[in-house]
Amino acid sequence: MNDLEQRPADDDGSDGNVVRGGIYGPLFWTFLKIGAFTFGGGWAMISIIEREIVDKHRWIRREDFLDLLAVSQSLPGILAVNISVSIGDRLRGLRGSVVAALGTILPSFLIILAIAVFLTPDIIKENAVVSAIFKGIRPCVVALIIAPVITSARSAKIGWRTVWIPVVVALLIYFGANPIWFILLGGVGGWLWLRRANRRLRESREASAGDDEKGGGR
């Protein structure tokens, strides 16, 4: 029996899967690969995590992934670990969180340990081969960081009317503004928007119910 049981396509047109059975091995291996072959920090890993978790394995929907990403960004700590813990928790609770976090952390830990033992800053600077490798990696890291930004913008349905929000926030952060304030403002703004939407929905239902009563009275 397969680890994943196919379910009907979701509303966004993408297929979904209900996680069944032995998910721990594939979950650990997936995040181990991501942690081992991704350079540049958490944001550089996001596009690869999305491709593996959403597109390849179809463990969660894209909208759910974006929600988990937003929560992971808002929490203190390393983004890569936060998102892996969030996804693991979504799939298998506490055990899933531990397995996903270990898969993410283990490669970095071993690589840093090896660098600390065998490579010093002087060796990295003076060795032409090692220095060239790191210089070649840098442009790839930039691309890996830009890719999830574009994907997240598309999935979040940012259009010409709302594109000014991330642009202004990015500029303000670049010039020294504290990102925490924007996280708080974003949360408050989302809460106010939800209250307004619920109020409009309630008013619409009340108006519809009133029209039905008037129609029945006739």
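**Close-up views of a predicted model**

At 3% relative accessibility, Glu50 counts as buried, a term that means under 20% relative accessible area, with exposed meaning over 50% and partly exposed in between (1.4 Å probe, protein chains only). The model is predicted, so local features need pLDDT of at least 70 and side-chain atom pairs count only at pLDDT 80 or more, while totals for chains, interfaces and linings use all residues. Residues are numbered from 1 along each chain as its sequence is written, and side-chain values use heavy atoms, with hydrogens and water left out.

**View 1. Salt bridges of Arg62.** Glu50, Asp55 and Arg62 are linked in a network of salt bridges; a salt bridge is a side-chain nitrogen of Lys or Arg within 4 Å of a carboxyl oxygen of Asp or Glu. Between Arg62 and Glu50 the N to O distance is 2.6 Å. Because Arg62 lies in helix α3 and Glu50 in helix α2, this pair ties together parts that are 12 residues apart in sequence. Helices (H or I, at least four residues) and strands (E, at least two) are DSSP runs, numbered from the N terminus. The closest N and O atoms of Arg62 and Asp55 are 2.5 Å apart. Arg62 is partly exposed, at 24% relative accessible area, and Asp55 is also partly exposed, at 38%.

**View 2. The salt bridge of Asp64 and Arg90.** The closest N and O atoms of Asp64 and Arg90 are 3.3 Å apart. Asp64 belongs to helix α3 and Arg90 to helix α4, so the pair ties together parts that are 26 residues apart in sequence. Asp64 is buried, with a relative accessible area of 12%, whereas Arg90 is partly exposed at 44%.

**View 3. The largest nonpolar core.** Of its 23 residues, Leu27, Phe31, Ile49, Ile60, Phe65, Ile83 and Ile87 touch the most other members. A nonpolar core is a set of buried Ala, Val, Leu, Ile, Met, Phe, Trp, Tyr and Cys residues joined through side-chain atoms within 4.5 Å. The elements giving two or more residues to this core are α1, α2 (42-56), α3 (62-74) and α4 (79-118). The most comes from α4, with seven residues.

**View 4. The aromatic pair.** The structure holds one aromatic pair. Tyr174 and Phe175 form this edge-to-face pair, 5.1 Å centre to centre with 80° between the planes. Rings of Phe, Tyr and Trp (its six-membered ring) pair if their centres lie within 6.5 Å; planes under 30 degrees apart count as stacked, over 60 as edge-to-face and the rest as tilted. Tyr174 is exposed at 66% relative accessible area, and Phe175 is exposed at 67%.
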